[in-house]
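Open the model in your viewer and keep the selection panel at hand. This tour moves from one selection to the next.

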Amino acid sequence: MRKSLIAAVAVIVAALALPSIGQADDVQSITANLTPTKRSKKKFKPAQIYVEILTQKSGQGTLPEQPPSATNTKVNFPKNAKFDPKAVPRCKASEAQLQNTTTAQATSLCGSKSIVSKGSTVPTDPPGSSSTTGTSAWVYVQVVPGPGGGGFGVPVQVTAFNGTKKNTLYLHSRADSVNNTSVLVGKLKSGKKAPKGYGSQLDVTIPPLAAGAIARFTTTVKAGKYVQARCKVKKEKWQAITKFSNYSPSTVSDDHVSKCKQK
């Protein structure tokens, strides 16, 4: 009896020590697809990836009307897709050199040929709009604390550059309306380094924002052979795992499935 009690306590303690992860938490969702939809079953061909991550208001803390603040997001991509950073020139500037730059300045520093995103424009549609495409972000800032407190949205132009270091991606995020720039750095992991069941992973570090939090982040990647895809498996698994600094549970995940057709 005593041994059974000790064993039960040990299990409870171990469970409490594990990080809190909310599966399919309503606060965040991912939608994604690979195009063209019809692809070869065996051969990889140039393709396009679209990923949209929506984060709802937290409903927690002193600023419940804005989304929680993300510190890291990992996007897991299906096995049908693969990245080839060697197929595109690397940015000629470092992350530090891109800080506090406009989109035009960042493009000049990196070189336009290092851009791997498509549709990098200032968004005009708020989060939740069904017409969202391209590469952009939307930040929401709650001005008045407490439930029902008012705020405003900040449109952000995002440009993805092939990073200076091996297997990295710079997501240059420029909000001209508030004269602010954030550079998100992503690390690509593929093959054995990718999570089980997926072909690759983009691990993105999100720096603290001066105000507000990201409500929507969309990325469309297409640059020659930078992204290639086939249709070996008709159901394509996607996943987003995000860590927050001011939300419980501190880590949430959401899954998405897209489909392809075999030629």
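Keep in mind that the model is predicted.

**Stop 1: the cavity**

How many cavities of 30 Å³ or more does a search of the whole structure find? The search returns one.

Select Ile53, Thr73, Val75, Phe217 and Thr219. Of the 25 lining residues, these are the closest to the cavity centre.

Now colour the strands around them. β5 (48–55), β6 (70–77), β10 (168–175), β11 (180–190), β12 (200–205), β13 (213–221) and β15 (235–244) each give two or more residues to the lining.

Next, colour the lining by residue class. The cavity lining holds 20 nonpolar residues and five polar ones. No charged residue is part of this lining.

**Stop 2: the largest pocket**

Select Val139, Ala175, Asn180, Leu209 and Ala211. They lie nearest the centre of the largest pocket, which is lined by 17 residues. The volume of this pocket is about 300 Å³.

Which elements give two or more residues to the lining of the largest pocket? Highlight β8 (136–142), β9 (151–162), β10, β11 and β13. Keep β10, β11 and β13 coloured from the previous stop: each of them also gives two or more residues to the cavity lining.

Apply the class colours again. The lining of the largest pocket has 14 nonpolar residues, three polar residues and no charged ones.

**Stop 3: the second largest pocket**

Select Ser94, Glu95, Lys165, Lys166, Asn167, Thr168, Tyr170, Val185, Lys187, Leu188 and Lys189. These residues line the second largest pocket, whose volume is about 190 Å³.

β10 and β11 turn up again, each supplying at least two residues of this lining. Which element gives the largest share? β11 does, with four residues.

**Stop 4**

Switch to the cysteines. The disulfide count comes to two. With the bonded cysteines numbered in sequence order, the pairing reads 1-2, 3-4.

Select Cys91 and Cys110. A disulfide joins them, with 2.0 Å from S to S. The torsion about the S-S bond is about -70°, so this disulfide is left-handed.

Follow the chain out from each end. Cys91 sits in the loop between β7 (81–83) and α2 (95–98), while Cys110 belongs to helix α3 (residues 103–110), so the bond ties together parts 19 residues apart in sequence. Are these cysteines buried or exposed? Both Cys91 and Cys110 are buried.

**Stop 5: the disulfide of Cys231 and Cys260**

Select Cys231 and Cys260. A disulfide joins this pair as well, at 2.0 Å from S to S. Here the torsion about the S-S bond is 85°, and the link is right-handed.

Both ends are in loops. Cys231 lies in the loop between β14 (227–229) and β15. Cys260 lies in the loop between β16 (251–259) and β17 (261–262). The pair links distant parts of the chain, 29 residues apart.

Finish with the accessibility of each end. Cys231 has 0% relative accessibility and so counts as buried. Cys260 has a relative accessible area of 6%, and is therefore buried, because the cut-off is under 20%.

Key
Residues are numbered from 1 along each chain as its sequence is written. This is a predicted model: local features need pLDDT of at least 70, side-chain atom pairs count only at pLDDT 80 or more; totals for chains, interfaces and linings use all residues. Side-chain values use heavy atoms; hydrogens and water are left out. On a 1 Å grid over the protein atoms alone, a cavity is a set of points where a 1.4 Å probe fits but cannot get out, and a pocket is an open set with protein on both sides within 12 Å along at least five of seven lines; lining residues have an atom within 4 Å of a point. Grid points are joined across faces, edges and corners, and a volume is the space filled by probe spheres set on the points. Ala, Val, Leu, Ile, Met, Phe, Trp, Tyr, Cys and Pro count as nonpolar, Asp, Glu, Lys and Arg as charged, and the others, Gly among them, as polar. A disulfide is a pair of cysteine sulfur atoms within 2.5 Å. Buried means under 20% relative accessible area, exposed over 50%, partly exposed in between (1.4 Å probe, protein chains only).
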